[in-house]
Amino acid sequence: MADPRFFRRSGPFTLKELAEIAGAEIRSGDADAVFDDVAPLHAATQGQVSFLDNKAYADAFRTSAAGACIVSSRFADQAPGGMALLVTEDPYGGYARVAQAYYPQGGLTPGVHAAAVVADGAVLGAGCQVDAGAVIGEGAEIGADCWIGSNSTIGPGVVIGDGCRIGPNVTIQFAVIGKDCVFHPGVRIGQDGFGFAPGARHLKVPQLGRVVIGDDVDIGANACIDRGAGPDTVIRTGTKIDNLVQIGHNVEIGSGCLFAAQSGLSGSTKIGNYVMMGGQVGSAGHLNIGDGARIAAQSGLMRDVEPGQTVVGSPAQPAKEYWRQLAALGHLARAKTKKGADT
Amino acid sequence: MADPRFFRRSGPFTLKELAEIAGAEIRSGDADAVFDDVAPLHAATQGQVSFLDNKAYADAFRTSAAGACIVSSRFADQAPGGMALLVTEDPYGGYARVAQAYYPQGGLTPGVHAAAVVADGAVLGAGCQVDAGAVIGEGAEIGADCWIGSNSTIGPGVVIGDGCRIGPNVTIQFAVIGKDCVFHPGVRIGQDGFGFAPGARHLKVPQLGRVVIGDDVDIGANACIDRGAGPDTVIRTGTKIDNLVQIGHNVEIGSGCLFAAQSGLSGSTKIGNYVMMGGQVGSAGHLNIGDGARIAAQSGLMRDVEPGQTVVGSPAQPAKEYWRQLAALGHLARAKTKKGADT
Amino acid sequence: MADPRFFRRSGPFTLKELAEIAGAEIRSGDADAVFDDVAPLHAATQGQVSFLDNKAYADAFRTSAAGACIVSSRFADQAPGGMALLVTEDPYGGYARVAQAYYPQGGLTPGVHAAAVVADGAVLGAGCQVDAGAVIGEGAEIGADCWIGSNSTIGPGVVIGDGCRIGPNVTIQFAVIGKDCVFHPGVRIGQDGFGFAPGARHLKVPQLGRVVIGDDVDIGANACIDRGAGPDTVIRTGTKIDNLVQIGHNVEIGSGCLFAAQSGLSGSTKIGNYVMMGGQVGSAGHLNIGDGARIAAQSGLMRDVEPGQTVVGSPAQPAKEYWRQLAALGHLARAKTKKGADT
C-alpha cells in the first residue's frame with residue numbers, strides 16, 4: 001500500500017462499487033467481494049485491484065496475484081484463474097477513477113500561515129490555505145479553495161480561479177488563471193519573454209502581454225511560461241504540461257494538449273487542440289500546429305504541421321518519410337561495409 | 001492596450017516625438033498627430049503605433065488599421081492608405097524604444113520588507129527594494145537601486161552592481177555581478193559545477209572558482225550557471241540568455257551573445273562575442289566557438305566553430321554540408337521507394 | 001588562490017603530505033618542500049600544486065610554472081624542469097583529495113534561524129543548520145548534521161538521512177533520502193509524475209509512490225525527480241545527476257551513475273549501475289539500460305541497451321553503426337555534389 005507517511009487511504013470497496021467507479025462491467029468475480037487497495041500487477045495481492053493498460057505488461061497480468069484487475073476485453077481471456085475482472089475499453093481511465101476513490105486528494109486547512117505575507121489589497125477566496133513563506137502581492141485575486149504552497153510568490157494583480165493548487169517555490173506574475181489548475185513546484189509563469197532588438201547593444205523590447213490560462217491546466221515542476229510581448233501567451237482548458245517545458249512569448253496552446261518533459265516552443269507558435277508532444281521537442285517560432293497533431297520525442301519543428309499529422313525527426317517530417325529515410329541510410333551503410341569487405 | 005492591472009502607460013506622443021524616440025524618419029502622416037499606445041499589427045487601431053519587422057507579417061501590415069507603423073523602407077510602399085509611416089532600417093529597435101517610452105520600467109519602492117532577512121554584515125546601496133522572504137547573506141554587497149525579489153537567496157560574499165533586477169525565487173552564490181543585470185525567477189547562479197573524479201565511489205572535486213558576470217546581462221527563468229572549478233565561469237557584458245539554459249563550470253561567454261532557451265554548454269567551453277545560439281543546442285566541453293558564430297537550434301557541437309560560421313545538426317556541421325546531406329538522404333529514400341514500386 | 005570572500009583555505013602541506021593525500025608517488029621534488037594552494041596549470045606558480053588529467057591540456061603542462069603537479073606516469077617525462085611530480089594513475093582523483101585538503105567543506109552553524117518554520121511534529125537531528133525562510137513540514141525527520149538552505153520547503157513526512165546538504169530554494173515532498181546527499185538550489189523532488197488517463201478530459205491518475213534515494217547522491221540545480229505512480233522512483237547510492245535533468249515516475253537508477261545536464265528519462269525506465277549519460281539525452285519509457293552502458297550526448301533511447309554498450313544518435317544505435325551511417329551519408333552527399341559538378 002501507499003506509504004502512510006504520505007497518503008491516507010479510503011475504502012474498502014466491493015467489486016460492484018469498483019465497477020461503478022471505474023465505469024466497467026464485472027466479467028468475473030463476486031460482486032460483493034471486498035478490495036481494500038490498488039497495486040501494480042507484479043505486487044498486487046488477493047485483496048487488491050490492479051489494471052492492465054500497456055501490452056508490455058501482459059506477462060505480468062498473466063501471472064499476477066491481484067484479486068481484481070481492470071482490463072480491456074481483448075486481454076480478459078488471458079487472466080489467471082480466480083482473478084475478478086472489471087472490463088472496460090478505457091482501463092487506464094477506470095484505474096484513475098478507482099485510485100482517486102482509494103486515495104482522494106487531501107483537503108486544505110484553510111487559513112494564512114503567520115509566516116506568509118499577503119499584501120493589504122490582495123483578495124483571498126473562502127477556504128484558501130496559504131503556507132509559510134508564501135508572498136501574495138497587491139491587488140492579486142485568489143479564488144476560493146486554493147492552495148498556495150510555501151515560499152511561492154504571487155505577483156501584484158495576478159488572478160487565480162477557484163480550486164487551484166499552487167505548489168511550493170512557484171513564481172506567478174502578469175497572469176490570469178482559470179479554475180482547478182495544478183502548478184507543481186518551481187513553475188515560473190509570466191516573466192518577460194526573450195525579446196531583444198539585436199544590435200551592438202541588444203535593446204530590451206517591453207513585454208506588454210500576459211499569460212492567460214484556462215481551467216484544469218496542469219504545469220510541471222520548473223516549467224517556464226513567458227508572458228506575451230503584446231498579445232498574450234495563452235494555454236487553454238485541460239492542457240497538461242510536464243516538467244521543465246519552455247513556452248515562449250505569444251504562444252497559443254489549445255485545449256486538451258499533452259506535452260512531455262523538456263519540450264520548448266519558440267515565440268508566437270500556435271498549437272491546436274489535443275496535440276500530443278513527446279519529450280525534448282523543439283519548435284521554431286511563428287508555426288501553426290494543427291489539431292490532433294502528434295510530435296515524436298526530440299523532434300525539431302521547422303514547418304507547420306497539418307491537423308492529425310504525425311511528425312518525427314529534426315527537422316521534423318511526416319513519420320513515414322522519416323522512417324523510410326532512416327531505413328535507406330541503414331541500407332546504404334550496410335551496403336558500403338559489405339562492398340568494403342568484398343574488395 | 002496592455003492590461004492596467006499589470007502595466008502603467010505613459011504618453012501620449014506626437015508622430016514627431018515618436019520619430020525622434022524611434023530614430024526614424026516620417027515618410028507620411030501629420031507630425032502633430034497624437035498616438036497613445038503601441039499594439040500588434042492585427043489589433044492596432046487609429047490612435048496606435050505598430051511595427052513590421054518580420055516579413056511573415058507583411059500581409060497583416062497591408063491590412064492593418066494602425067494609425068502609424070514603424071517599418072523599413074522596403075515595405076513602406078505596401079502600407080495601407082492613411083497610415084503614418086516611421087521609416088528606419090531597424091524597425092524592431094525603433095519599436096523597442098517607442099514601447100519603452102509608452103511603458104517605462106516601473107520604479108522601485110526603496111526599503112527592506114519586514115519579512116526579508118539581511119545579515120548584519122551585508123551592505124545595501126541606496127534605493128534598493130528588498131521584498132518579503134528575500135535572504136541576503138553575510139558580507140554580501142548589493143549596489144544602488146537594485147531589486148531583490150521575494151524568496152530569493154543571495155549567498156554570503158556575493159557582489160551585485162548598481163541597478164540590477166533580481167526576480168523572485170532566485171539563488172545566487174559565489175558570484176560577482178556587474179551593473180544593470182536582469183535575472184528572471186528561479187535563476188541559479190554559483191552552485192557547484194558537475195565535477196567528480198570517477199571511480200567506484202565518485203569523488204567530489206572542490207569547485208573553487210566563482211561566477212563573474214559583466215554589465216547588462218539578462219538570464220532567463222530557471223537557467224543555471226555553475227561556478228568555476230578553479231578558473232571562474234565568465235559571462236561578459238550585454239549577453240542575453242534565455243530560460244532553462246545550462247552553463248557548465250569554467251565556461252567563458254563573450255559580449256553580446258544571444259542564447260535561446262534550453263541550450264546547454266559543457267564545462268570549459270569558450271564562446272566569442274556576438275554568438276547566436278538557437279534553442280536546445282548542446283555543446284561538448286573544452287571547445288572554442290568563434291566571434292559571430294551562429295548555431296542552429298538543436299545542434300550538437302562536438303568541434304570548434306570558426307568566427308562567423310553557421311553550423312547545423314547533431315553533430316553540428318557547416319550549414320551547407322548539413323543541408324546537402326539532408327537533400328541527398330531524401331533523394332536516396334525516394335529513389336529506393338520508386339525502385340521498390342517498379343519491381 | 002580561491003576568492004577569500006567565498007573560500008577558506010587550509011594547509012600549507014609538504015610534498016610528502018600531498019603525496020599521501022593524493023595517493024601518489026613522489027617522482028621528483030623535495031619531500032619537505034611546502035605548497036600552499038592548488039591552481040590550474042596555466043595559472044599555477046612555484047608554491048602551488050596543479051594536475052594534468054585531460055591530454056588536451058598537455059601543452060599547458062609542458063609550459064606550466066606550477067611548483068608541483070599530480071600526473072599519470074605516461075605524461076611525467078614531459079614535465080618542465082624543476083617541477084615536483086606526484087605520479088598516480090588517477091591524477092584527477094588525487095587532485096580531488098588534495099583540493100579537499102586545501103579547501104575542506106565548511107562546517108555548519110547549528111541552529112534553526114528565527115525566520116525558518118519547523119512544524120511541531122518535525123524532528124531535527126543534532127547539529128543541523130536550518131536557514132532563514134526554510135519550511136519543514138509535520139512529521140518530517142531530518143538526520144544529524146544536515147543543512148537546509150534558505151527558502152527551501154521540506155514537505156510533511158519526508159525523511160532525510162545524516163549529513164545531507166540541501167541548498168536554497170529546494171522543494172522535497174513524498175521522499176525518503178539517505179545519508180550524505182547533496183541537493184543543489186532549485187531541485188524538485190517528489191512532485192506528481194505526469195500521469196493522466198487521456199480522454200476528452202484527461203483524468204489525473206493519483207501518484208501513490210515515493211522518491212527513494214540512497215546515500216551519497218548529488219542532484220544538480222533545478223533538476224526534477226517525480227515520485228512514483230504506485231511503485232517508487234528510486235536512485236541508488238553514489239549516483240550523481242547534473243542540473244536540469246528530468247526523472248519521470250517509477251524510474252529506477254542504479255548505483256554510481258553519472259548523468260550530465262538536461263537529460264530526461266521517461267517513466268518506468270530502469271537504469272543499471274555505473275551508467276554514464278551525456279547531456280540532453282532523452283529516453284523512452286519502460287526501457288532497460290544495462291550496467292556500465294554509455295549513452296552519448298543528445299542520444300534518443302528507444303530500445304533497451306545492453307550492459308557495457310555505447311550508443312549514439314537519435315534514435316540511439318550502437319556507436320559503430322552510428323558512425324558508419326554518418327560516414328556513408330557524408331560520402332553520398334559529396335558524390336552527388338561531384339556528379340552534379342561533372343554534368
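Predicted model: local features only at pLDDT ≥ 70, side-chain atom pairs only at ≥ 80, totals over all residues.
**Chain A as a whole**

Chain A contains five helices and 40 strands, and its C-alpha atoms fill a box of roughly 80 × 75 × 30 Å when the box is taken along the principal axes. Of the 343 residues in chain A, 60% count as buried, while the chain as a whole exposes about 12,900 Å², of which carbon and sulfur atoms supply 52%. If one looks at the contacts in chain A between residues at least 6 apart in sequence, 20% of these contacts join residues at least 24 apart. The charged side chains of chain A comprise 27 positive and 33 negative ones, and the centres of these two sets lie 11 Å apart.

**How the copies are related**

In general, two copies of a chain are related by a rotation about an axis and a shift along it. Here, chain B is superposed on chain A by a rotation of 120° with 0.0 Å of shift along its axis, and the RMSD is 0.0 Å. These two copies are therefore related as by a three-fold rotation axis. The copies use different surfaces, since 19% of the contact residues of chain B recur in chain A. Chain C is superposed on chain B by a rotation of 120° with 0.0 Å of shift along its axis, with an RMSD of 0.1 Å. In this pair, too, the copies use different surfaces, and 19% of the contact residues of chain C recur in chain B.

**Helix α1 in chains B and C**

Which residues of helix α1 in chain C are buried? In this helix, which covers residues 15-22, they are L15(C), L18(C), A19(C) and A22(C). Seen down the axis of α1(C), these buried residues fall within an arc of 105°, so they line one face of the helix. After α1(C) comes G23(C), a residue with a positive phi near 65°.

In chain B, the buried residues of helix α1 (residues 15-22) are L15(B), L18(B), A19(B) and A22(B). They cover an arc of only 105° around the axis, which puts them on the same side of α1(B). The residue that follows α1(B) is G23(B), and its phi is positive, near 70°.

| Residue or bond | Feature | Angle |
|---|---|---|
| G11(A) to P12(A) | cis peptide bond | omega about 0° |
| S314(C) to P315(C) | cis peptide bond | omega near 5° |

N222(A) belongs to the loop between β25 (218-219) and β26 (224-225) of chain A, where N222(A) is buried because its relative accessible area is 0%. Q280(B) sits in the loop between β34 (276-277) and β35 (282-283) of chain B, and at 10% relative accessibility Q280(B) also counts as buried.

L203(C) is part of strand β23 (residues 203-204) of chain C. Is L203(C) buried or exposed? With a relative accessible area of 13%, L203(C) is buried, since the cut-off for buried is under 20%. Leaving aside residues up to four places away in sequence, L203(C) touches G93(A), A96(A), R97(A) and Q100(A) of chain A, together with G195(C), F196(C) and A197(C) of chain C. L203(C) and I247(C) are 44 residues apart in sequence, and their C-alpha atoms are 22 Å apart in space.

A297(C) is found in the loop between β37 (294-295) and β38 (300-301) of chain C. Its relative accessibility is 46%, so A297(C) counts as partly exposed. Although A297(C) and Q280(C) are 17 residues apart along the chain, their C-alpha atoms are separated by 5.9 Å. Not counting residues up to four places away in sequence, A297(C) touches G278(C), G279(C) and V281(C).

Terms used. Residues numbered from 1 in each chain as written. Chains lettered and ligands numbered in written order. Heavy atoms only, no water. Helix = DSSP H or I, 4+ residues; strand = E, 2+ residues; numbered from the N terminus. Buried < 20%, exposed > 50% of the residue type's maximum accessible area, 1.4 Å probe, protein only. Contact = heavy atoms within 4.5 Å. Areas by Shrake-Rupley, 256 points an atom, 1.4 Å probe, with all protein chains shown as cover. Lys, Arg positive; Asp, Glu negative; His and termini not counted. Charge placed at Lys NZ, Arg CZ, Asp CG, Glu CD. Arc of directions from axis to C-beta. Least-squares fit on C-alpha atoms with pLDDT ≥ 70 in both.
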